[in-house]
Amino acid sequence: MATVRIPVKPDILKWVSNQSGNLLTDDWKSKLEQWTKQEKQPTVNQLKQLSQKTRIPFGYFFLQNIPKEEIPLLKFRTINNYEIEHPSRDLIDTIADMETKQDWLSNYRQKQGFPKNNFYAFSRHINNISQLSDPQKAQNILECLDLSIGWNFKKGVTKPFKKLRQHLNNVGITVMTNGQVGNNTRRPLDQNEFRAFALADDYAPLIFINSNDSYRAMLFSLVHELVHLWFGTSELFNADLKLENNYINSLTEQGVNQISEEIIFPKELFLQLWRQELTDDDNQLQQVLDISKKFGASPLSTGIRSLHLNLIPQKVIGQLQDYLQDEYDHKKKANKESSGAPKYYVVRASRIDHNFVEDVNRSAKSGQTTYTEAFELLNVKNNNGFNKLVNEVRGEKDD
């Protein structure tokens, strides 16, 4: 029986080649070149394999024209760099997944008679907001979240992030975290491409955090994104906390960063602690590291806050970056050598927003949402996985 080969438009194959980045071996690149030149045509199985390797939907290969993937969120990226204008399939699929979840939740809440979210775009209801100082804006945000100044002080490494996430849940902000695309361990998310994003919506504002960062780095990302939602704006946070960045909207981002610093490092408390932590040898690098632990924040964000308060010179930031790179390399090596991992559904429950899980479960049990759709929303395969995830989420709530 003759092998069936499928004619694919050369323009589609060229587009696939450009989208693939470093995902293809030389052998696959050679095949693509042959097919593009129409020296040979691919089989169905070859197209399926290529779809898996390039992470491009199988149906795209049968289009007559190059697919136009509109990703509005890219317009709201923090930094204007070339790479983010050509996003990876991992980022594209993650955004699409979160948008699907947000659309469902927004429609669900409206059908249930929920009012518009009070935290989202709250700043628009404040008279003369431009006249408020950054500390005043930070104070307003903390009050909206039922938090007080110093809420993260001396709370350890993981608790500040978890506490803030819970308070955001309490005001209807959905917070998702993941370090990979869905459940695919072979598709890790690159924190150099993006650290977080916020999706604006009147009923279901959502924040996604790339969990390949440390908890302390994730804290700044979470605060940064919640400030954007307080202003009522979407954002793709692809900054690396450098002092000089090519911001898309410099005025907006500098303002958001300043408010974020006030939320994590309130000025008076920070200065007081700085004076208390002064060492005899005036080791400013060590001082930054020590203070970062007190706020549960990343050393780099702490160093930048210190610089903005004129407590350290620029050279300390350089020393800090070198130190952190060495520490990162050491931890990466240690992680490879370590064994054991948390239970599967414990990890799944830590990533997904608990209120979202309960809403999906409630909707499925009432018959408003089919279980097939509910499985897709929670990224589980069947009823057994669905029940295990729901039970694990409820178990975490009881802890």
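Me: Let's start inside. How many residues does the largest nonpolar core have, and which have the most contacts inside it?
Reply: Keep in mind that this is a predicted model. Its largest nonpolar core has 57 residues. Those with the most contacts inside it are Ile-141, Leu-164, Leu-168, Ile-207, Leu-226 and Ile-263. Helix H8, residues 215-231, gives the largest share of this core, with nine residues.

Me: Okay, let me zoom in on one of them. What does Leu-168 touch?
Reply: If you skip residues up to four places away in sequence, Leu-168 touches Leu-145, Ile-173, Val-175, Ile-207, Leu-222 and Leu-226.

Me: Now strands. How do I read whether a strand is covered, and which residues sit on each face of E5?
Reply: Check the two faces in turn. On one side of E5 you have Leu-206, Phe-208 and Asn-210, on the other Ile-207 and Ile-209, and all of these are buried. Five of the five residues of E5 are buried, so this strand is largely enclosed by the rest of the structure.

Me: Which way do E1 and E5 run, parallel or antiparallel?
Reply: E1 and E5 (residues 206-210) pair in the parallel sense, over five bridges. To follow the pairing, go residue by residue: Met-176 stands opposite Phe-208, and Thr-177 has Ile-209 as its bridge partner.

Me: What about E4 and E5, then: how many bridges join them, and in which sense do they run?
Reply: Four bridges join E4 (residues 196-199) to E5, and the two run antiparallel. Here Ala-196 is the bridge partner of Ile-209. A hairpin through six residues joins E4 to E5.

Me: Helices next. Which residues of H2 are buried?
Reply: In H2, residues 26-36, the buried ones are Trp-28, Leu-32, Trp-35 and Thr-36. To see the pattern, look down the helix axis: the buried residues of H2 fall within an arc of 100°, so they line one face of the helix.

Me: What do those buried residues pack against?
Reply: They pack against helix H1 (10-20) and helix H3 (44-54). Take Thr-36 as an example: at 17% relative accessibility it counts as buried. Leaving aside neighbours within four places in sequence, Thr-36 is in contact with Pro-10, Leu-13 and Lys-14.

Me: Last topic: rings. What describes a pair of aromatic rings?
Reply: You use the distance of the centres and the angle of the planes. This model has 20 aromatic pairs. For Phe-153 and Phe-295, the ring centres are 5.3 Å apart and the planes are at 50°, so this pair is tilted. Phe-153 lies in the loop between helices H6 and H7 and Phe-295 in helix H11, so the pair ties together parts that are 142 residues apart in sequence. Phe-153 counts as buried at 18% relative accessibility, and Phe-295 counts as buried at 0%.

Me: And how are the rings of Phe-197 and Phe-208 arranged?
Reply: Their centres are 5.1 Å apart and their planes are at 15°, so the pair is stacked. Phe-197 is in strand E4 and Phe-208 in strand E5, eleven residues apart.

Me: Which residues form an aromatic cluster with Phe-153?
Reply: Phe-265, Phe-270, Trp-274 and Phe-295 form one aromatic cluster with Phe-153.

Technical notes. Residues are numbered from 1 along each chain as its sequence is written. This is a predicted model: local features need pLDDT of at least 70, side-chain atom pairs count only at pLDDT 80 or more; totals for chains, interfaces and linings use all residues. Side-chain values use heavy atoms; hydrogens and water are left out. Two strands pair if DSSP finds at least two bridges between them. Buried means under 20% relative accessible area, exposed over 50%, partly exposed in between (1.4 Å probe, protein chains only). The arc is that of the directions from the helix axis to the C-beta atoms. Contact means heavy atoms within 4.5 Å. A nonpolar core is a set of buried Ala, Val, Leu, Ile, Met, Phe, Trp, Tyr and Cys residues joined through side-chain atoms within 4.5 Å. Rings of Phe, Tyr and Trp (its six-membered ring) pair if their centres lie within 6.5 Å; planes under 30 degrees apart count as stacked, over 60 as edge-to-face and the rest as tilted.
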